[in-house]
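Subject: Structure handover

Hello,

Here is the structure I promised to pass on. Please keep it open while you read the notes below it.

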Amino acid sequence: MKSAVPTALIVDDDVRHTRSLSASLRKAGFEVVVGEDSIGAEPAPAIAFLSLDLPHLDALELLRDVGLSNTIETVLMASSDDPKRVRAGIANGATYFFCKPFDAGFLDALLADVFSEATRAATSVDAPATNALDQFGQLRGSSQPMRKLFRMLRKVAPTETSVLLIGESGTGKELVARTLHQLSEVADGPFVAFNCAAVPKDLFESELFGHEKGSFSGATQRHLGFFERAEGGTLFLDEITEMPVELQVKLLRVLEESRFRRVGGEVDIDSTVRIVAATNRVPEDAIEEGQLREDLYYRIARFPVHLPPLRNRGDDIAGLTQYFLNELNEQNHTGVVIDAAACTQLERYHWPGNVRELRSVIERAFILAESTIMASHLPPLDDEPRGDQLRISVGESIEDAERKLIFATLKASGGDKKAAAERLGLSLRTLYSRLSHYADEDSQTRES
């Protein structure tokens, strides 16, 4: 049972600042916990203030603490700015960085906002469960990870900042990009999606920047590239790590100078386009493997956003199941329902293909069922490895298959990371990097 009074956590050794911040928090209605780590805060804090100045404790490590997974806002603070650590903190789930002393007006507004959301969540704990989902733009979800995502998108959408969406295949990156566009200052302009993995290397520059008539064999007329089609709107660069490295240099120049030139052209064209990029890879791994330029990464990842996998979204699985079923019933003028045992089976599954896979499973079961979807109408939903075997579904993304293979091999190696790395043909450093990414992602989005 949640406490009726929202809790605020302060991790700082600055006595004077802690005393002042505690007074503001109590005035706003919070119960204050001051400690050296977040594990000591029970229940989970509604808001946490973590100092970057502590010599004995790394605030970035605290961000990975499962005790902060349901925290509404996580604030990093320090006596001076440290851009590298602040960027790392924001990428790992922090929502703000404040230099001491805080601006009183902004702090009061933030605390009022968090207190309102925390008390609303507490009063709805014992409400009867429903399958209705919150909606934000084109996104649906009522789980804590999705509400965190909504808050981040609400903050960055009205800005001109480039956004990098990081998430597994099927988590809805294009829906997030479209939502950012709808809530942006360029919502009246076009939204144009460019899949970097779907364009042949020799046509990449022409497709992105366009070409003039006669610029190469087969160029029988002028062609407008995706940058021109997106002028005054949003250009969504999906699978950015699949862009040829030599083209990444040209893209970086265009983003820095806000102008480009068609292939075979002699005139620069001004560009006013908001960039949203996406990847289902770990960006740091792509940089290390030479598939993503580091300078381009820092340009497109001014505001990185991690999308939660479906397995970490709790009751959203049932809600999305009912939403997809309602859609199918409306389209087909039917009244098919789903059996409780089938729902339970769906909720226990790991969903490596995320929301896209769930939708596919529901549509298949809908076709097979007469009036009620039973567990027998579902495909085998068991992704646990047995012995030295591992099941990988046809059409499953390489990234999802890789994750399953790593964990299965680690389990088969008795947890010995060095042995698992050797069996997988990976360096120990790369294996640690993969595991660290999975841990970061899961801890940021895990339901309490």
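Phe150 has a relative accessible area of 6%, so Phe150 is buried (buried means under 20% relative accessible area, exposed over 50%, partly exposed in between, with a 1.4 Å probe and protein chains only). This is a predicted model, in which local features need pLDDT of at least 70, side-chain atom pairs count only at pLDDT 80 or more, and totals for chains, interfaces and linings use all residues. Residues are numbered from 1 along each chain as its sequence is written, and side-chain values use heavy atoms, with hydrogens and water left out.

Helix H5

Phe150 lies in helix H5 (residues 144-156); helices (H or I, at least four residues) and strands (E, at least two) are DSSP runs, numbered from the N terminus. Of the 13 residues of H5, 10 are buried, and the helix is mostly covered. Among them are Gln144, Pro145, Met146, Lys148 and Arg151. From first C-alpha to last, H5 reaches 19 Å, close to the 18 Å expected at 1.5 Å a residue (the expected span is 1.5 Å times one less than the number of residues).

Aromatic rings

The structure holds 16 aromatic pairs. Rings of Phe, Tyr and Trp (its six-membered ring) pair if their centres lie within 6.5 Å; planes under 30 degrees apart count as stacked, over 60 as edge-to-face and the rest as tilted. The rings of Phe136 and Phe150 are stacked, because their centres are 5.2 Å apart and their planes stand at 25°. This pair links distant parts of the chain, 14 residues apart, with Phe136 in strand S6 (residues 135-136). Phe136 also counts as buried, at 10% relative accessibility. The rings of Tyr297 and Tyr298 have centres 5.2 Å apart and planes at 55°, so that pair is tilted. Tyr297 is buried at 9% relative accessibility, while Tyr298 is partly exposed, with a relative accessible area of 41%.

One aromatic cluster is formed by Phe49, Tyr96, Phe98, Phe102 and Phe106. Elsewhere, the charged end of Arg229 sits over the ring of Phe226, 4.2 Å from its centre (this requires NZ of Lys or CZ of Arg within 6 Å of the ring centre and within 35 degrees of the ring normal).

Glu73

Glu73 is in strand S4 (residues 73-78) and counts as buried, at 4% relative accessibility. Leaving aside residues up to four places away in sequence, Glu73 touches several residues, including Tyr96, Arg151 and Lys155 (contact means heavy atoms within 4.5 Å).

Helix H1

The end C-alpha atoms of H1 (residues 15-27) are 18 Å apart, which agrees with the 18 Å that its 13 residues should span at 1.5 Å a residue. His17, Thr18, Leu21, Ser22 and Leu25 are buried in H1. Down the axis of H1, the buried residues fall within an arc of 130°, so they line one face of the helix (the arc is that of the directions from the helix axis to the C-beta atoms). Arg16, Arg19, Arg26 and Lys27 are exposed on the other side of H1. After H1 comes Gly29, with a positive phi near 105°.

The whole chain

The protein chain has 17 helices and 16 strands. Buried residues make up 49% of its 448 residues. Of the contacts between residues at least 6 apart in sequence, 69% join residues at least 24 apart.

Regards
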